[in-house]
Amino acid sequence: LTENKRTTQLAVKDFVRERLELLTTVRLAGRESDEIVRHEEMLSSSCRVVGAVDVAQGAFMGGLFGATAAAVLGVVYCGGRSVGRGEMSVGGLTSFASYSFLLGMGSSGVMKALGEMRMGMDAARRVFGVIGRNSE
């Protein structure tokens, strides 16, 4: 999805740049309205792709947060039973629940950072691919 988003946005940018560079030709041919319709179609397609990417990213991050919250609730429930039986103190339960929550949030941050690093590596690969083609 992210790759599709990138290519769609690049296509819109290239379309606009090309039409602005050749604005005189477009006007001379009387094709302004056709170009406007084509641009609007490209923008609506881009909006659909961006929306899908945003939903996927939101679902991923929401899922991670939900899993973390469920883990903390499980810890509190089981820990509460242990406190009731006298096997654990309230302070011990609080610190363990806090550590569990922070571990879950840290894990989601690491996963997000790894995803961003992968996108950076993909971008670098594309840039060096273009540089390599131009030097040959």
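**View 1. The largest pocket and its lining in this predicted model.** Welcome to the largest pocket, where 12 residues form the lining. Look for Gln57, Phe60, Lys112, Gly115 and Met119, the lining residues that lie nearest the centre of the pocket. Two elements, α3 (32-85) and α4 (90-135), each give two or more residues to this lining. Of the elements, α4 gives the most, with six residues. If you sort the lining by class, you will find six nonpolar residues, three polar ones and three charged ones. The space inside comes to about 330 Å³.

**View 2. The second largest pocket, with residues from α1, α2 and α3 in its lining.** Here the space amounts to about 190 Å³. Phe15, Val16, Arg19, Leu20, Leu23, Val26, Arg27, Glu32, Glu35, Ile36 and His39 make up the lining. The elements that contribute two or more residues to it are α1 (2-21), α2 (23-29) and α3. By class, this lining holds six nonpolar residues, one polar residue and four charged residues.

**View 3. Valine 50 and its contacts.** Valine 50 has its place in helix α3. Setting aside neighbours within four places in sequence, you can find valine 50 in contact with Lys5 and Gln9. Glycine 115 makes a handy landmark: this residue, one of those nearest the centre of the largest pocket, is 65 residues from valine 50 in sequence and 17 Å from it in space, C-alpha to C-alpha.

**View 4. Confidence along the protein chain.** The chain has an average pLDDT of 81, and 96% of the residues score at least 70. Among the elements, α3 has the highest mean pLDDT, 84, while α2 has the lowest, 78. A friendly reminder for any close-up: where pLDDT is low, predicted coordinates should not be read in detail.

How values were computed. Residues numbered from 1 in each chain as written. Predicted model: local features only at pLDDT ≥ 70, side-chain atom pairs only at ≥ 80, totals over all residues. Heavy atoms only, no water. 1 Å grid on protein atoms, 1.4 Å probe; cavity = no way out; pocket = protein on both sides within 12 Å on 5 of 7 lines; lining within 4 Å. Points joined across faces, edges and corners; volume = space filled by probe spheres on them. Helix = DSSP H or I, 4+ residues; strand = E, 2+ residues; numbered from the N terminus. Nonpolar A, V, L, I, M, F, W, Y, C, P; charged D, E, K, R; others polar. pLDDT = per-residue confidence, 0-100. Contact = heavy atoms within 4.5 Å.
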